[in-house]
Amino acid sequence: MKLIRNKIPDLISDKSKITQIETDKDFLEALGMKICEEGLELKYAISSKDADSILEEAGDCFEVLMTVIGELDLTLKDLQEQADVKADELGSFSQGYQLN
């Protein structure tokens, strides 16, 4: 099974292929799987160096992330504050360091 955007069911003629997730736990699990899927697609877009593809896939990742934080009654401000705390504590990723 694959989590799909809210308007996709309107585009699918065979409605028997569509189910709705029943529990919050299962929904969050599906969102976790979706962010992995979209993250991998973003990785491939970055490898292609195609700005439009990168923007599209980053937007998909952002949409999933916003859905996750919304499901947890958090906000974009909460997310930014947490990112700032982590950046203050450990830095960002902008200098390209990696651990071998």
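Trainee: Which residue does the side chain of arginine 5 meet in a salt bridge?

Mentor: First, this is a predicted model: local features need pLDDT of at least 70, side-chain atom pairs count only at pLDDT 80 or more, and totals for chains, interfaces and linings use all residues. Residues are numbered from 1 along each chain as its sequence is written, and side-chain values use heavy atoms, with hydrogens and water left out. To call a salt bridge, we want a side-chain nitrogen of Lys or Arg within 4 Å of a carboxyl oxygen of Asp or Glu. Arginine 5 passes with an N to O distance of 2.7 Å, and its partner is aspartate 60.

Trainee: How many residues apart in sequence are the parts that arginine 5 and aspartate 60 tie together?

Mentor: Look at where each end sits, with helices (H or I, at least four residues) and strands (E, at least two) taken as DSSP runs and numbered from the N terminus. Arginine 5 is in the segment before α1 and aspartate 60 is in helix α2, so the pair ties together parts whose separation in sequence, in residues, is 55.

Trainee: Buried or exposed: what does aspartate 60 count as?

Mentor: We go by relative accessible area: under 20% is buried, over 50% is exposed, and in between is partly exposed (1.4 Å probe, protein chains only). Arginine 5, at 46%, counts as partly exposed. Aspartate 60 has 16% relative accessibility, so the call for it is buried.

Trainee: Which residue does lysine 2 form a salt bridge with?

Mentor: The closest N and O atoms are 3.5 Å apart, and the partner of lysine 2 is glutamate 37. Lysine 2 lies in the segment before α1 while its partner is in helix α1, so the pair ties together parts 35 residues apart in sequence. As for cover, lysine 2 is exposed at 55% relative accessibility.

Trainee: Which helix do lysine 34 and glutamate 38 both lie in?

Mentor: These two are both buried, and they belong to a salt-bridge network that links Lys2, Lys34, Glu37 and Glu38. The spacing of lysine 34 and glutamate 38 is 4 residues, about one turn of their helix, which is α1.

Trainee: What volume does the largest pocket have?

Mentor: The search runs on a 1 Å grid over the protein atoms alone, and a pocket is an open set of points with protein on both sides within 12 Å along at least five of seven lines; lining residues have an atom within 4 Å of a point. Grid points are joined across faces, edges and corners, and the volume is the space filled by probe spheres set on the points. For the largest pocket, that comes to about 970 Å³.

Trainee: Which element gives the largest share of the lining of the largest pocket?

Mentor: The lining has 27 residues, with Lys2, Leu3, Ile4, Arg5 and Phe27 lying nearest the centre. Two elements give two or more residues to it, α1 (24-48) and α2 (51-71). The largest share, 9 residues, comes from α1.

Trainee: Where is the place of isoleucine 4?

Mentor: Isoleucine 4 is partly exposed, since its relative accessible area is 35%. Together with Ile8 and Leu11, Ile4 makes a nonpolar surface patch of about 270 Å². Its place is in the segment before α1.

Trainee: What is phi of lysine 49 near?

Mentor: Lysine 49 is found in the loop between α1 and α2, and at 74% relative accessibility it counts as exposed. Its phi is positive even though the residue is not glycine, with a value near 60°.

Trainee: Which loop does aspartate 73 lie in?

Mentor: Here too phi is positive in a residue that is not a glycine, at about 55° for aspartate 73. At 69% relative accessibility, aspartate 73 counts as exposed. Its loop is the one between α2 and α3.

Trainee: How far apart in space are leucine 72 and aspartate 24, C-alpha to C-alpha?

Mentor: Leucine 72 also sits in the loop between α2 and α3 (76-90), and it is partly exposed, given a relative accessible area of 44%. Leucine 72 and aspartate 24 are 48 residues apart in sequence, and their C-alpha separation is 9.7 Å.

Technical notes
Patches are made of residues with over 30% relative accessible area and no salt bridge: like charges are joined within 9 Å, nonpolar side chains (Val, Leu, Ile, Met, Phe, Trp, Tyr) within 5 Å. Accessible areas come from the Shrake-Rupley method with a 1.4 Å probe; for residues, only the protein chains shown count as cover. On a 1 Å grid over the protein atoms alone, a cavity is a set of points where a 1.4 Å probe fits but cannot get out, and a pocket is an open set with protein on both sides within 12 Å along at least five of seven lines; lining residues have an atom within 4 Å of a point.
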